[in-house]
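Here are my notes on the model, point by point. Please read them with the structure open.

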Amino acid sequence: MIVRNFLSWAQTAPAAQRAEGAGALARAYLYSDLDAHARRETEIALMSLLDDPSPLVRKALADNFASAADAPHAIVSALASDQSDIASPVLSRSPLLTEAELIDCAAIGDAFAQSAIALRARVPAGVCAALAEVGAREAAISLAVNPGADLPDFSMRRMVERFGDDGEMREALLSRPWLPATVRNDLVNATAASLTAFVVDCGWLTGERAKRLTREARDKANVIIVAEAAERDGRQGVRDLVAHLRASNQLTATLVLRSLLSGNRDLFEAALAELSGLREERVAGLVRDFRGAGFAALYARAGLLEKYLPAFRAALEAQREYADVNGGEAKLSLVMIERVLTACEEINGGELDKLMALLRRFEMEAALEEARIEAARFAAEAEAARIIATAQAPEIVAPAAFNDSFSSAPAFEIAIDMAAIEAELMPEAA
């Protein structure tokens, strides 16, 4: 009788009061000790409220049923397909919605509804794949920052394909822990493409120069990614990344040589195995005997340029001798580059000019990096010496009249006089 009276009252009550009544009825359904008949009548009344013309009424139902495991599934499903401000509480929290329902709601929902799904406490891989494929930018960012999202690698790569030119999207993906090396590589490429387009459109660099700079920056980043993949995922992580680099036409002789000259042999061995089709154990044995005919045959089978073979042999020789020169950091070693340059200069008859130009760019990059590090060290040492000298200098307490005489003096005169005082107190410093 109470439910029937409620339905009769709801036909003429204002929208705000109907919303309050809908919320009270929903709470009664969830928390009151109703018998089977009263429970069925209450459910019918709640179902009828789904046709209420006021969104306030449906919003009240959504707010009360959003987290309830005992809510009527049919009502929750209907609310999940409502307009986004009504559906979002249910989409983001309801434990009743199945993976298939969430995928369907993601396909028909707007960015607000999709973001609500993406921010659920747990987002299954299938739902992640659907959002990565059809979700709006805001939903993709929400998915990327959600630690409870079971994001497959291919879904992250799809998100990079769709929104890689968006800096917020790239930052969101980079914030995820244990980001796969292949996805990091895709993010590097997306960043490089975005920066290239920007500087070329601004007229700051020519197209060719911008492409070279971004290509070299991308290779530098890939060497770092390879080193981290080897440390975190072992040889399998490097193999997966090399296969990805080959599929995306990034596995070049320049990248492999840069890796060797940075003290990293993992990329070189994995690249030879990928290109030659031989087992990695066999490749590693041939690389260890890089002066032998077996290594030359492996090099040729991998399809690398024969004229560059001496450079790779010199790089392997230099790596054997200076393996620890970088202290484990994935950066170009100046001493190794100079060793390879010397070896190539001795045999160059003009056919290695392009390689020599590349090595000179490597040399310039390594020299600049070393200069930056040394300059920072010099500055730090100078600052430390200044702090020590200041701490050891006797404190000068001047009379008030002395201070007053300087209060109106020009700044440069004060500096000169203070320098003279310091020289008199500490003549050895002068």
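1. Start with helices H5 and H6 in this predicted model. H5 covers residues 73-80 and H6 covers residues 84-93. Their axes lie 7 Å apart, at an angle of about 125°. Angles over 145 degrees would count as roughly antiparallel, and 65 to 115 as roughly perpendicular. H5 is therefore oblique to H6. From H5, the contact takes Val76, Leu79 and Ala80. From H6, it takes Ile86, Ala87, Val90 and Leu91. By class, that contact has seven nonpolar residues, with no polar and no charged ones.

2. Compare the pair H8 and H10. Helix H8 spans residues 111-118, and helix H10 spans residues 137-145. The two axes come within 8 Å and cross at roughly 10°. Angles under 35 degrees count as roughly parallel, so H8 and H10 are roughly parallel to each other. On the H8 side, look at Ala111, Gln114, Ser115 and Ala118. They meet Glu138, Ala139, Ser142 and Leu143 in H10. This contact divides into four nonpolar residues, three polar and one charged.

3. Which residues touch the most other members of the largest nonpolar core? They are Leu46, Leu61, Phe65, Leu79, Leu91, Leu143 and Met159. The core has 58 residues. Helix H2 (residues 15-31) supplies the largest share of this core, six residues. In soluble globular proteins, nonpolar side chains tend to be buried together.

4. Phe65 is then in contact with Ala26, Tyr29, Leu30, Leu46, Ala71, Pro72, Ile75, Val76 and Leu79.

5. Now the aromatics. A search of the whole structure finds seven aromatic pairs. In one of them, the rings of Phe198 and Trp204 have their centres 5.3 Å apart. Their planes stand at 85°, so the pair is edge-to-face. Are these two residues buried or exposed? Phe198 counts as partly exposed, at 45% relative accessibility. Trp204 is exposed, with a relative accessible area of 58%. Elsewhere, Phe268, Phe295, Tyr299 and Phe312 form one aromatic cluster.

6. Two backbone angles deserve a check. Most residues other than glycine have a negative phi. Trp178 has a positive phi of about 55°, although it is not a glycine. Trp178 sits in the loop between helix H12 (167-174) and helix H13 (181-201). At 67% relative accessibility, Trp178 counts as exposed. Asn249 also has a positive phi, near 60°. Asn249 lies in the loop between helix H14 (207-247) and helix H15 (253-261). Its relative accessibility is 66%, so Asn249 counts as exposed.

7. Next, Ala315, in helix H19 (residues 309-321). Ala315 counts as buried, at 0% relative accessibility. Leaving aside neighbours within four places in sequence, Ala315 is in contact with Leu257, Leu260, Leu261, Met336 and Val340. Ala315 and Leu341 are 26 residues apart in sequence. In space, C-alpha to C-alpha, they are 9.5 Å apart.

8. Leu355 belongs beside that point. Leu355 lies in helix H21 (residues 353-392). At 4% relative accessibility, Leu355 counts as buried. Not counting residues up to four places away in sequence, Leu355 touches Leu257, Tyr308, Ala311 and Cys344. Leu257 is on the contact list of Ala315 as well. Leu355 and Ala311 are 44 residues apart along the chain, with their C-alpha atoms separated by 8.5 Å.

9. Last, the whole chain. The protein chain has 23 helices and zero strands. Of its 430 residues, 41% are buried. Take the contacts with a separation of 6 or more: residues 24 or more positions apart account for 61% of them.

Note on methods: Residues are numbered from 1 along each chain as its sequence is written. This is a predicted model: local features need pLDDT of at least 70, side-chain atom pairs count only at pLDDT 80 or more; totals for chains, interfaces and linings use all residues. Side-chain values use heavy atoms; hydrogens and water are left out. Axes are lines fitted to C-alpha atoms, for helices over the stretch in contact, and angles run from 0 to 180 degrees between N-to-C directions. Helices (H or I, at least four residues) and strands (E, at least two) are DSSP runs, numbered from the N terminus. Contact means heavy atoms within 4.5 Å. Ala, Val, Leu, Ile, Met, Phe, Trp, Tyr, Cys and Pro count as nonpolar, Asp, Glu, Lys and Arg as charged, and the others, Gly among them, as polar. A nonpolar core is a set of buried Ala, Val, Leu, Ile, Met, Phe, Trp, Tyr and Cys residues joined through side-chain atoms within 4.5 Å. Buried means under 20% relative accessible area, exposed over 50%, partly exposed in between (1.4 Å probe, protein chains only). Rings of Phe, Tyr and Trp (its six-membered ring) pair if their centres lie within 6.5 Å; planes under 30 degrees apart count as stacked, over 60 as edge-to-face and the rest as tilted.
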